[in-house]
Amino acid sequence: MTGGRAGSSGADSTASAVGLTVDARWERGEGWSGPTALVATARGLRSARGADPAPDLHLAGTVLPGLTDAHVHLALVDPAALRRGGLAAVDDLGGDPRVLAGLTGTPGLPAVRYAGAFLTAPGGYPSDRSWAPPGAVEEVAGPERAVVAVDRQVAAGASFLKVVLHPGAGPELDDETLGAILARARAHGRPVVAHVEGEGQARRAHEAGIDRLAHAPFSERLPDDLVGAMARTQQWISTLDVHGWASPTREQDVAIDNLTRFAAAGGTVVYGTDQGNGPLPAGIDPRELLALGAAGLTADGQLRALTSTPTGAAFTYVPGEAPGPDASPEDLVAWLARATVLVPDDLTHRPGSAGLALETPRRTHP
């Protein structure tokens, strides 16, 4: 959802705009608001302005920015099912970049950003895994090859890079090669995400300058001073449900403990599930949200985690009464289970065809 700022250019003409009202709205940095007048244009939703058309439809529910899962593997799931499950956007963290480039902008799919191939040491994880499709892994033998590997992913459209720090599963990137990957990524203006597994690897990722962890650290309980330092420089993708898939494990307990202290220290928590890794629900994962609640994230904190990425014109609509900022994790989960991904075209050309709870406009709304 673009909000009031995105609709300020001349291209955002009121000629094709549709006015509407909603019962409630939530925006990053602004929080909750009550009954609100909005305008749908080709660019998305924004707040109504003086010259805009009067509302001619009402959405009985809440609008949110588009929801994002920041850790998926599209080669291992049905991308359309993720959209039907309430996801407006996804970040693919390891796949053939040529295949992923073909999915971007495809109608009926979430918006797709991707890292391209896993960058790992020769023979390193996950080069020997049967689930890794052709083109999903690039083995990097030294700093010079690191530059080539990064350039290849960026040329294929990668929005970020993915490195593997998992010594227990095979050879790992040495410090010089890891540094070369990071330096080349910085030169391209691309952040670096790391798969971190094994004792000492979270500290190594922090000291190397990794921007985002693909998983909340689960191999060991991190000391408080390290967690505090990481909270100042990194983002963590949650992926809590992947540890046991509804059967909690020691790894999940460790991850929740680390994430609880990371969030309390002001760290940025990003919602992600590792879609494609085991029996995870397609779309929004209720168990992931409940685990985030167990880590101390409020409803507002969970919505921030779910809206980590701008999703263009797509937005989320949830019919019915909103749970409010102090909702329990259970209430939030039940509410988000009704979430639907919409684009302005659903309102401007096909009202009623997307299962919308449409009503006569409430002209008393501001």
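Four aromatic pairs turn up in this predicted model when ring centres must lie within 6.5 Å. One of them joins W32 and W335. Ring pairs also link F118, Y125 and W131 into a cluster.

**The W32–W335 pair**
- A pair of aromatic rings is described by the distance of the centres and the angle of the planes.
- The ring centres of W32 and W335 are 5.9 Å apart, and the planes meet at 45°, so the pair is tilted.
- W32 sits in strand β2 (residues 31-33) and W335 in helix α10 (residues 329-336), so the pair ties together parts 303 residues apart in sequence.
- W32 counts as partly exposed because its relative accessibility is 23%.
- W335 has a relative accessible area of 1%, so W335 is buried.

**Threonine 273**
- T273 lies in the loop between β15 (268-270) and α8 (286-294).
- Its relative accessibility is 0%, so T273 counts as buried.
- Leaving aside residues up to four places away in sequence, T273 touches D69, H71, T239, V242, L280, D285 and E288.

**Helix α7**
- Helix α7 (residues 250-264) has 15 residues.
- From first C-alpha to last, α7 reaches 21 Å, close to the 21 Å expected at 1.5 Å a residue.
- Its buried residues are Q252, V254, A255, I256, N258, L259, R261 and F262.
- An α-helix has 3.6 residues a turn, so residues three or four places apart point the same way.
- The cover over the buried residues of α7 includes α6 (224-233), β14 (235-237), β15 and α8.
- G266 follows α7 and has a positive phi, near 95°.

Key: Residues are numbered from 1 along each chain as its sequence is written. This is a predicted model: local features need pLDDT of at least 70, side-chain atom pairs count only at pLDDT 80 or more; totals for chains, interfaces and linings use all residues. Side-chain values use heavy atoms; hydrogens and water are left out. Helices (H or I, at least four residues) and strands (E, at least two) are DSSP runs, numbered from the N terminus. Buried means under 20% relative accessible area, exposed over 50%, partly exposed in between (1.4 Å probe, protein chains only). Contact means heavy atoms within 4.5 Å. The expected span of a helix is 1.5 Å times one less than its number of residues. Rings of Phe, Tyr and Trp (its six-membered ring) pair if their centres lie within 6.5 Å; planes under 30 degrees apart count as stacked, over 60 as edge-to-face and the rest as tilted.
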